[in-house]
Amino acid sequence: MKRMLAEWEEQRAVLVAFPHEDSDWADNLNSALTPFVQITQAIAYAQNVFVVCKDVQKIKNLFCSTNNMSFIQLPTNDTWTRDYGVISIEDEGVVKLLDFTFDAWGGKFEASLDNEVNKKLFQKGYFAPTMMQSIDFVLEGGSLESDGEGTILTTTECLCNPNRNGGLTQIQVEQKLQEYLGASRILWLNHGYLAGDDTDSHIDTLARFVSKDTIAFVECNDENDEHYEELLAMKKELQQFTQTNNEPYNLVALPMPSASFDEENNRLPATYANFLITNKALLYPTYSVKEDKIAHEIFKNLFPSREIIPIECSRLIEQGGSLHCSTMQIAKR
């Protein structure tokens, strides 16, 4: 049996990649480094972190303690390891890592260095003795949610987009997800988006499995907000989904953060759905808005056995991503 592992299953490490002066973060690099330091520290108190960086000593100097951190000097274009990091599956009881092709969300940006990160980590022995398979198919980790039991939650806007794999049909994509991830069911969302999002509606900005029977999703209650109609339509789709036992999912609404804008008045893709589940904690993004406290209480109820850790991520959304986008868990072998 083959299956894509759920995020809450035991992790060996989390992969992060730090911004540098040759990346899009260069105009205000020091402020960009802050959330990456905080994310890394929050993970490393209880488990390993693989820190990819351009200058190891420079990044090491940002930490008071480097326990559970492995610093790896590698060239990168950007920091979004969720989308170019390996995807962990289990195949006949053995953990394997899949290295899919990354083309920066349909060729929107240069990504040749990012697309080589997994191969170089494997060559350096960081994944050993786990097997890694390179696959000639464009697929990003942020576009997939797994319940660990064969069900994949995703969006048609991303996986069937002509800018990925030439624009496959849903049936063709399902065949690929079955082949590579062992998916037995695909739950497709046809609605939902975030303004300022470059990913073509990645599921990890909209709706997330928090257990095999519960989905947390972004809800917009402001009828004057540009997201209202699409997120309402998405909610109605989620309400129609059922578990393998034909019972409806438990749906938990996450608030829509108050709108944030860049210097050119473009709306930024703030979302609380971009949280990270680790072995001992739940890390969630905050944006210095009133909804942060509401989200905190929701996460406390959703994850009573994990420490709830907020990370201020306003700087991250300026570059189009957030906390989950900046991390990729690697399953324990």
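1. Helices (H or I, at least four residues) and strands (E, at least two) are DSSP runs, numbered from the N terminus. The expected span of a helix is 1.5 Å times one less than its number of residues. The model is predicted: local features need pLDDT of at least 70, side-chain atom pairs count only at pLDDT 80 or more, and totals for chains, interfaces and linings use all residues. Residues are numbered from 1 along each chain as its sequence is written, and side-chain values use heavy atoms, with hydrogens and water left out.

2. Helix 1 has 16 residues. From first C-alpha to last, helix 1 reaches 22 Å, close to the 22 Å expected at 1.5 Å a residue. Its buried residues (buried: under 20% relative accessible area; exposed: over 50%; partly exposed: in between; 1.4 Å probe, protein chains only) include Leu-29, Leu-33, Phe-36, Val-37, Ile-39 and Ile-43. Pro-35 and Thr-40 are also among them.

3. Next, the cores. A nonpolar core is a set of buried Ala, Val, Leu, Ile, Met, Phe, Trp, Tyr and Cys residues joined through side-chain atoms within 4.5 Å. The largest has 91 residues. Phe-18, Leu-153, Phe-275, Leu-283 and Phe-299 have the most contacts inside it. Helix 1 (residues 29-44) gives this core its largest share, nine residues. Another core, of 22 residues, lies apart from it; Met-4, Leu-177, Ile-186 and Met-328 are among its members.

4. What does Leu-153 touch, leaving aside its neighbours within four places in sequence? Its contacts (heavy atoms within 4.5 Å) include Leu-144, Leu-187, Leu-189, Ile-203, Phe-209, Ile-215 and Phe-241. Ser-143 and Glu-145 are also in contact with Leu-153.

5. Helix 9 (residues 291-302) has 12 residues and reaches 17 Å from its first C-alpha to its last, close to the 16 Å expected at 1.5 Å a residue. Glu-291, Asp-292, Ala-295, Ile-298 and Phe-299 are its buried residues. They lie on the same side of helix 9 because they cover an arc of only 125° around the axis. That arc is taken over the directions from the helix axis to the C-beta atoms. Lys-293 and Asn-301, on the other side of helix 9, are exposed. The buried residues of helix 9 pack against strand 13 (250-255), strand 15 (281-286) and strand 16 (307-312).

6. Four strands form an open sheet in the order 1-5-6-7, with mixed pairing; two strands pair if DSSP finds at least two bridges between them. Strand 1 (2-4) and strand 7 (131-138) are the edge strands, each pairing on one side only. The twist averages 35° from one strand to the next. Axes are lines fitted to C-alpha atoms, for helices over the stretch in contact, and angles run from 0 to 180 degrees between N-to-C directions. Helix 7 (residues 170-181) packs on the sheet, touching strand 1, strand 5, strand 6 and strand 7. The direction of helix 7 makes about 105° with that of strand 1.

7. Strand 5 (residues 87-91) and strand 6 (residues 94-101) run antiparallel and are joined by five bridges. Asp-91 stands opposite Val-94 in strand 6.

8. Val-138 lies in strand 7. Val-138 counts as buried because its relative accessibility is 12%. Val-138 and Arg-164 are 26 residues apart in sequence, yet 6.1 Å apart in space, C-alpha to C-alpha.

9. Thr-130 sits in the loop between helix 5 (117-123) and strand 7. With a relative accessible area of 5%, Thr-130 is buried. Beyond its neighbours within four places in sequence, Thr-130 is in contact with Arg-12, Val-95, Lys-96, Leu-97, Phe-122 and Arg-333.
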